[in-house]
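Grab a pencil and work through these exercises with the model open beside you. Each task comes with a worked solution.

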Amino acid sequence: MVTPLNQKLVRDLWRIKSQAIAIGLVIALGVLMLVMMHGLVNTLEETRLAYYDRYRLADVFAPVNRAPTHTLKELAAIPGVAAVQGRVMGEALIDLPEVNVPLRARAISLPDTGSPTLNDIFLTDGRMMLAGHVDEIILLKGFAEARQLTPGDSLTVTMNGARRTFSIVGLAQSPEFFYSTAPGELAADDSRFAVIWVGESALAAAYDMEGAFNEALLSLEPGAGLAAVTNAADKILYKFGSLGAYGLENQLSNRFISEEIDGLKASAVGVPPLFLAVAAFLLYIVISRMVQSEREQIGLLKAFGYSSAEVSTHYLKLVLVIAIGGALAGIAMGIAAGRGMAELYQSYFKFPFIVFEVDPVTFYVGLLISIGTATAASLLVLRSIFLLTPAVAMRPPLPPDYRNALKLPERFQRILDQPSKMVLRRVFRQPGRMFAAVTGIACGMALSAGMISVMSGFDRALDVSFSVLDRSDANVVFTHSLTQKSIIELAQVPGVIAVEPYRSVPVIFRHGRHHYQGGIEGLVDNPRLYRALDTSLQPIPLMPNGIVLSKPIADILQAAPGDWITIDVREGRRPLLQVPVAAVANTLLGSPVYMQLSALNHYLKEPEQVSGAFLRLDTAQRDQVYRAIKNMPAVAGISLKLDSRISFEKMMDQGAGAMRYIMALIAGVITFGIVFNSARIAYAERERDLASLRVIGFTKGETAFVLLGELTLVTLIALPIGAALGYYLSLAISEGFSTDIYQIQPVYTSENYGIAGLAVIFASLVSGWLVKRDIDRIDLVSALKSKE
Amino acid sequence: MNGKLPNGDDIAAFRTRNLSKVYGEGAATVHALRGVSLEIPKGEIVVLLGPSGSGKSTLLNILGGLDHASSGEAYFQHQSLTEMTNAELTQYRRAHVGFVFQFYNLMPSLTAVENVELVREIADQPMRPEEALALVGLDKRLHHFPSQMSGGEQQRVAIARAIAKQPTVLFCDEPTGALDSTTGRAVLKVLQNVNETLGATILIVTHAAATAKMADRVIHFADGDIREVIVNTAKLSPEEIEW
Ligand SMILES: Nc1ncnc2c1ncn2[C@@H]1O[C@H](COP(=O)(O)OP(=O)(O)O)[C@@H](O)[C@H]1O
Ligand SMILES: [Mg+2]
């Protein structure tokens, strides 16, 4: 049965429908984010697990220089190891006729017959290699697609200095390569890095690995300790040149997807509350306004004998309809958005399959917190219903009291016209209300300013990395460290303007119980092409003795300047070094560890060695340079900065990085929502006054001034406050966006703040325009008939 | 077109022919006015009487330029109100019309004198606000906000505001409806005063039949049309009226 109160409920909802929808939408967006992100976390984790499981991805990777095959038996005997697979891996270069630079590739062996025990591949096209057909290979699907190669095509590959032509018989994906980068590069680029799978005997022959392997893959029994197994494996492989066994969690591609999942998890916790807080704020304003204007009705209901609880329930129902409606819409939208995002992730991570699945608990959580927030917001208001006595219904309506309104100085009073006085007095009469409106708009400003600062932080990270920090045109990597003589050779190639050598050495850092597997970058004394810079773009001074740690690594190692670090060098003679930490630097990109080249060589007792060089080229002769370098046997690869930059940009625009666009959009929506609601409420409160002005003979424009003047004033007060809040918000947001690979520093410029301010002003203008339309359409007769 | 006519003074303040107003449609249709034809001479005090819902306010709102008629014609002097656009109606109200409502409709954020100032800023030849407030007997309460005044005082500020622009016509929709009889009488006295000193035509809608005794003309309304028009030859002053 429809009670009169419920009928009032329906009518009230209809009356405030645009606001109800706006608030419901904000709630829906919050729940959408919650459902979508939790769903994606769940989906990515499950899919990854299933993918790893189906293709038997190893738990431990143990690279080694060259270990005889029988060592695998020893590895299998380590307690806790379930299965072992040895394989041959090698760096290779692919020569494509249409590409100037040789493209880097990794060659990986597969058993000559049957599938591998561990790290199987997912054959998408063609067939496997046939036993004995040594010129057959399988190519990573991502690269094949990027380069438009198909089974049947042939491929020229340089392995270990020897050039050979293979025929592609199949394409495959692998859980090992969600994210494939050439060694030394930061960002993945399908078109510039390939993986080729080759029959074991063919690949062993190419890399002098007959009867041997250079990577052991281990899977663990449930409950086995990772550290114990890697230590045991390192011990067994030590004499064969172990490069340090590591667990799946440190595997590059896995780490990449883990970061993505962690980012989603963090957003799933951090973003929805933001929406719900905004929704609570808006609900509070709308309900308090409604209760205030219906004081007499409430008094009347009470006079009839309705209890305070019954009347409160009536208003609470209204709030709950909005909250539940919003939450349900959010759940539906979240599932739809999650499905869409899951498909994007599938192609991004190249999963063979993906099923978007949300834990139903998330739905209840979404519903409950929506209801909870909305109820909390309205409880504050409902208190006033309990305090109201039925007698107010009997009293004539009292005009709002302006007795204590802002006392304008006499001189000022005379200058101001009456409409301006109305604006000023109203704004300052209820400081609390004005504070709420200012806070709301300031939050919008803060969101915009914060997001824009972070967005330009992304651009700056790119710009700084690729034009300030790295001023070279190309980076040449050698197959092994060479003497400085090779640098002279490079410098003599026509078209090369400048050469700057560097040495990068794979190491394991140890400090107390902490360790980190990475590398040391040895840079020349006064670098000009590639410089170590801190976040304020000042050169990081490199000391003659001691290393400079980037902040993330110092945190992992718990090391501070002055501490001594043990460095376990993973190449050449593999010495164990004790080196002091000279400084900890805030770096922009990656997590590097720097050292002076001469100091590094001194510690390694290998004077004059370099492992690569940065080049500055003459643009006109670029192609000749590439051709000359392509034919140098010691060159493992060359990467062009332009290519790296493009792939880096691509990486930042996909996955979590893409979230910044969504966040920016949301910031815009919220800003608008707050500003529009403030304007709507100001209008609702003043409808009668505005109608009176129109009756007296004020034109639409003159009438609008009274309302829009207020909106303008509030906006102007809110802008600087919002700008200050935005500063702190940007710090938090950039923290969230920063990863191991890149650190985002928000950028504060007057331009950024100007744009944010303009966005808020634009939102105000649009809101003002929408409200102005209402003023123009005001029904003079009925507005005057109703009391408030 | 006003200026072209030689005998502007002889022209009625308002004239309507077959004026109708219909609200809603279908089953919910309400005929608020059913073809009203009337003539109101200049400078008179006219009282509209009739049961609630008989269409008095509707007529007042149309003549006051707040609402459009559904059909028929309405003239203010020579100007056809029924043909005016919204902007022209605004200009008409601005130039000629003063309104007084049952619930005063003052700006709560402005003091008495500032509420009167408000219309001065848009009028051609306004009175000084103090003068207007003196006319309604409120020269002592210039700087009070509406919340600091009684209902009668607020209504008198509303009248001062309406007359400050020296309107040609003054519309009062139940101006004493929210007041006690003594205060109501004071307000009516003010209206009579305004009529005498400014020569404004005044239309008063009221429930209180006794008010009719101060009118030049009494229009009885019922069911959306005029029942009867009585020209009052023995006008009384509000003080003399028995309530
Ligand atoms: N906005 C409206 N919508 C529908 N009906 C209306 C509206 N305004 C007035 N009416 C109807 O028109 C009729 C005349 O109303 P009104 O002129 O206000 O009467 P009075 O002022 O004589 O009491 C009434 O029946 C009323 O219900
Ligand atoms: Mg009426």
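**Exercise 1.** In what order do the 4 strands of the open sheet in chain B run?

*Solution.* Some ground rules: this is a predicted model, where local features need pLDDT of at least 70, side-chain atom pairs count only at pLDDT 80 or more, and totals for chains, interfaces and linings use all residues. Residues are numbered from 1 along each chain as its sequence is written, chains are lettered from A and ligands numbered from 1 in the order written, and side-chain values use heavy atoms, leaving out hydrogens and water.

- Read off the order S2-S1-S4-S5 in chain B, with antiparallel pairing. Strands are DSSP runs of E, at least two residues, and helices are runs of H or I, at least four, numbered from the N terminus; two strands pair if DSSP finds at least two bridges between them.
- Now find the edges: S2 (30–40) and S5 (79–80) of chain B each pair on one side only.

**Exercise 2.** Find how S1 and S4 of chain B pair.

*Solution.* 
- S1 (residues 14–23) and S4 (residues 71–76) of chain B are antiparallel over 5 bridges.
- For a landmark, look at B:Phe14, which sits opposite B:Phe76 in S4(B).

**Exercise 3.** Is strand S9 of chain A enclosed or open, and which strands does it pair with?

*Solution.* 
- S4 (residues 103–110) of chain A runs parallel to S9(A), joined by 7 bridges, and A:Arg106 partners A:Val195.
- S6 (residues 136–140) of chain A runs antiparallel to S9(A), with 3 bridges; here A:Leu139 partners A:Ile196.
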